[in-house]
Amino acid sequence: MKSPERKDLFPGALEMMILQTLSAQPLHGYALVQHIQRNSNDLLQVEEGSLYPALQRMLKSGLVQADWGVSSTGRRVRIYEISEAGAMHLAQEVRSFERMLEGIRLVLAPVKP
């Protein structure tokens with residue numbers, strides 16, 4: 001079976017998906033990756049080399065908070081949680097994305113005679 005082509009995400013997409021995922025519940029990094037992959041029907045695969053730098057940027061900008069915890073396997077992990085600023089940022093980014101997507105849909109629509 002042929003694997004799907006690798007597609008890079010547009011700027012901000014990973015951050016939106018992280019914030020949306022964390023709006024449901026706090027998670028550690030590996031659980032975030034699994035959630036995004038599972039909920040995209042394996043169309044999106046986030047690499048650690050992308051995830052952890054994004055989480056660090058989001059921590060520094062106050063969009064997420066983190067505390068140390070223990071995973072279900074007993075490992076010490078950093079648990080990330082969306083902040084109030086992160087929730088407001090997510091709402092703004094989703095509105096912006098939806099406007100952009102609508103514009104793309106209009107351009108791609110069949111030409112009417």
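Modeller: The model is predicted, with local features needing pLDDT of at least 70 and side-chain atom pairs counting only at pLDDT 80 or more, while totals for chains, interfaces and linings use all residues. Residues are numbered from 1 along each chain as its sequence is written, and side-chain values use heavy atoms, with hydrogens and water left out.

Biologist: Why is Ser 83 called buried?

Modeller: Buried means under 20% relative accessible area, exposed over 50%, and partly exposed in between, with a 1.4 Å probe and protein chains only. Ser 83 has a relative accessible area of 7%, and is therefore buried.

Biologist: Why is Arg 57 called partly exposed?

Modeller: Its relative accessible area is 48%, so Arg 57 counts as partly exposed. Arg 57 is found in helix H3; helices are DSSP runs of H or I with at least four residues, strands are runs of E with at least two, and both are numbered from the N terminus.

Biologist: What makes the approach of Leu 63 to Ser 83 a polar contact?

Modeller: A polar contact is a pair of N or O atoms within 3.5 Å; within protein, one must be able to donate a hydrogen and the other to accept it, and residues adjacent in sequence count only if both atoms are side-chain atoms. The backbone oxygen of Leu 63 lies 3.0 Å from a polar atom of the Ser 83 side chain.

Biologist: Which residues does Ser 83 touch?

Modeller: Leaving aside residues up to four places away in sequence, Ser 83 touches Gly 62, Leu 63, Val 64 and Gln 65, where contact means heavy atoms within 4.5 Å.

Biologist: How do you know that E1 and E3 pair?

Modeller: Two strands pair if DSSP finds at least two bridges between them. E1 and E3 are joined in the antiparallel sense over 2 bridges, and His 28 has Ile 79 in E3 as its bridge partner. The open sheet of 3 strands has the order E1-E3-E2. E1 and strand E2 (64–70) are the edge strands, as each pairs on one side only.

Biologist: Which element supplies the largest share of the lining of the second largest pocket?

Modeller: E3 does, with 4 residues. Lining residues have an atom within 4 Å of a point of the pocket. Among them are His 28, Tyr 52 and Tyr 80.

Definitions and conventions:
1 Å grid on protein atoms, 1.4 Å probe; cavity = no way out; pocket = protein on both sides within 12 Å on 5 of 7 lines; lining within 4 Å.
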